[in-house]
Amino acid sequence: MSDHSSNPIVGHVMPLKTLVMIWGALLVLTIVTVSATHLDLPRIAIWVALGIATVKATLVALYFMHLRYERPFHAIIFVMAVIFVLLFVGIALTDTQAYQPDLIPGYAPGMGAR
Amino acid sequence: MSTAENYLTHSSGIRSWLLTRDHKRIGILYLISIMSSFFLGGISALLIRTELLTPNHALMSPEAYNKMFTLHGAVMIFLFVIPGVPATLGNFFLPIMLGAKDVAFPRLNLASWYLYVFGALFALASIVMGGVDTGWTFYTPYSVITNTSVVALTAGAFILGFSSILTGINFVVTIHKLRPDWMTWFKMPLFLWSLYATAIIQILATPVLGITLLLLILERTLGIGIFNPALGGDPVLYQHFFWFYSHPAVYIMILPAMGIMSELVSTFSHRTIFGYRFIAYSSIAIAVISFLVWGHHMFVSGQSNLADLIFSFLTFLVAIPSGIKVFNWLATMYKGSITLEAPMLYALSFLFLFGIGGLTGLFLGALSTDVHLHDTYFVVAHFHYVMFGGTVIAFLGGLHYWWPKMFGRMYSEKWARIAAVVIFIGFNLTFFAQFIMGSKGMPRRYASYPARFQPYHDVSTIGSYVLSIGFVIMAVYLIHSLFRGRRAPANPWGGTTLEWKCGSPPPHDNFAETPGPCEPYDFRGIVYDPAIGGYVDTARARS
Amino acid sequence: MAVTEAEVRERREGYESSRLGMWIFLATEILLFGGLFCAYAVYRSNHPEIFVYAHRFLSKTLGGINTIVLICSSFTMAWAVRAAQLGERRRLVALLAITIFCGLCFLGIKGIEYQQKWRHGLLWGERYHPVEHEKNGAAGTPAAIQMPPVSSDPNRSFLPLAAEGPRGLAPESSKPAPGGADAEPVPKNVQTFFGIYFAMTGLHAVHVIAGMILIGVMLVRAIRREFSPTDFTPVDNVGLYWHLVDVIWIYLFPFLYLIR
């Protein structure tokens, strides 16, 4: 496949070689993610998983979704959505963690009978 | 003049309306739907206020009362104010103000309207199925266990959310892609800046409402248990979910209204807007900061002290851009040649009423005062001052401002002014009394109350009747104008934005050719021509 | 069937508009799932013992296979878009068909997983009735894990009322000892995990189905020769949607299946 395929509407067309390489990288990273669970990393396990997942997602976005070759504004939209999710998660996490000591376990007045 | 072919006469028959792709016709379809919803919400308001004339049973049982205020809230918020300005005036004028033929995705626009209708049908179904009694906020755990038609109403709201999202997408793409080359961002009318900021919120916030309502539906139908404390769930988490959308939603309501204000204040002061860039940036700032303050609805819900502090502080921040806008409008009026036609009367009402509403929001944003005022009539009065005294008043101002353009007819200026004054008086009677009784402890959503609050309730109810008289007057003269009104010139008020350069009503394609460069809010050369009863632009050569 | 310069320009503008619209729509999907990720984060951080305990009922093998299936489908979809842009009609049709096939595999495996959960009573909320299962139980369940000593109390679905008396501010059950399944106490409210599991994977599956329908429509249109190098926008946009579905699963898999 020629690396210089182009299209009159969209300009740059993803070279097949690139697509195959990204596919391979994603498969490898999947295997890495699964293997990482066999290592005993209690505290940072979630962050390792998150990190690898983010790398995979970034590869999909940049290459499969063509984000690398498109207008930067599209990437800004994508990133902004993620930032707002993080904002929501962050503040909700902060708050719920902070009020856990106030909770009375098993206390659900009026909820048992439905 | 307007016997020329226009978008109304372009094609006829019900199918040409129900299958239209013309943004102007879609705007009119929305206008009819939204005014119907306003009517339904208004009737429920009158029933509520009539019930509250006395602490005893008047019209309805307490259970029915709960259903009535839920109906009023849900209909007014989801079916009237949130779609409100963007779907009606926004749809109609966004492309015209850009000098474009239509929005970026005309068929999607029509789909948005059908989604609105579909969602409204679900809401009506929930009424037929007996009504919901949870309040429009559907707080768990009660909304999980009540045996009222919650699923129907939340499904309707879910569908309406999609309508909102699609409109937002359409507007963003239209503003990005369909501007003529000479119209840079800072040559756009401020109404479009506000619609853009609104669209950002619609796009980012509404999906979270979607997932919230979906989880609530799953909770009720399948017992999924995420918000149910008996199953290990967290009801405060529901509130986080709900308000993450619903707070930015109130800015969906107010931002387009503020955009209308910029148009009205500059046109009727016949003076260029003061601080264009500040107003434009403040719209974006409001959109962004609005996502940071949702916890101020949850100060007494069980939220942690840390979150209370963070949200209270940020709430004070969000008031700043709104304040900037108000000062800029006042500065626009200063040394302008102010004329007091009906749209300007509404604009002035907005300044006063939104000022009060915004200020009382600060009282509620302060933690210590909110503990006393939360869930009292003070809150009710606050949000009615901003949503009604702000958004609805500005919407009415915009409706009157653009009525001649949309329908090619002038309404009776005398009756319009009378209605505006009646509405202003009725509004203040209705809601100012509520501030006072709220601060004295009258709780909201209560069908009965201690006798000492009765005078306030009676004043408030009488005010609501005065309000409705004002609206009846308005309906009469507006409908009358459609048949007997004087034919409108292209530019009856002396506006400078592009919609005043095409005929009244606009032709099907808006402009024969894309209009040439023009600066919005440049009033030099706009002079009144008595021969046509409107304004003409003597300064620039027309294309 | 030559396309003029002016038409190319018009189509490029149309392509760019709809592309922008599609990206904004994807942003809304991210926010939609973001809510579920928030619920996940809140419950996991405040009750990690539930997640550690319950996630072992999920099959890493099946989840891993599904991940690989979706990654392959994303690859074929991206290749299909390339084929559409280059006017390679036959390749486009083949690749779209393979993508749909991958989607079916994904749903099939998901169906097997759901069915296993159903059989073992591992459902959400009130329907959480875990049952004893034999050693030769469902494929993929680690043999090392014994079913925890659950009381076969038929009233297990009814949570104790407040009459039981609040236990005060005592913390939740202690974390299970790593590696040792036998002695660990069963945490309370395990059904929370399954509620989140089914909500997230269920909504994701709905999106997979929707994506497959859209790709099916593209397949039909491709067979009918409706696409060309100057007219392929729908394929491209459906591709974007499908990739987002894949990205969401890329996060779901480690969060739900690979907790320890």
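The legends below go with close-up views of a predicted model.

Local features here need pLDDT of at least 70 and side-chain atom pairs count only at pLDDT 80 or more, while totals for chains, interfaces and linings use all residues. Residues are numbered from 1 along each chain as its sequence is written, chains are lettered from A in the order in which they are written, and side-chain values use heavy atoms, with hydrogens and water left out.

**View 1. Chain C meets chain A.** Here 61 residues of chain C and 60 residues of chain A are in contact (heavy atoms within 4.5 Å). The two chains bury about 5,300 Å² between them, with 75% of it on carbon and sulfur atoms; buried area is the accessible area (1.4 Å probe) that two parts lose on being put together, summed over both.

**View 2. A salt bridge between chains C and A.** A:Glu70 and C:Arg19 join their side chains in a salt bridge, 2.5 Å from N to O. The term stands for a side-chain nitrogen of Lys or Arg within 4 Å of a carboxyl oxygen of Asp or Glu. Two salt bridges are found across this interface.

**View 3. Chain C meets chain B.** On this side, 28 residues of chain C touch 28 residues of chain B. The buried area is about 2,400 Å², and carbon and sulfur atoms give 78% of it. C:Ile24, C:Leu31 and C:Tyr43 supply 21% of the area that chain C buries against chain B, more than any other three residues.

View 4. Find B:Lys177 and C:Glu16: their closest N and O atoms are 3.4 Å apart in a salt bridge.

View 5. Helix H2 of chain B covers residues 23-51, which is 29 residues; helices (H or I, at least four residues) are DSSP runs, numbered from the N terminus. From first C-alpha to last, H2 reaches 41 Å, close to the 42 Å expected at 1.5 Å a residue (1.5 Å times one less than the number of residues).

**View 6. A histidine tucked into chain B.** B:His72 belongs to helix H3 (residues 62-81) of chain B. This histidine counts as buried because its relative accessible area is 17%, and buried means under 20% (1.4 Å probe, protein chains only). Beyond its neighbours within four places in sequence, B:His72 contacts B:Gly41, B:Ser44, B:Ala45, B:Ile48 and B:His384.

Definitions and conventions: Helices (H or I, at least four residues) and strands (E, at least two) are DSSP runs, numbered from the N terminus. Buried means under 20% relative accessible area, exposed over 50%, partly exposed in between (1.4 Å probe, protein chains only).
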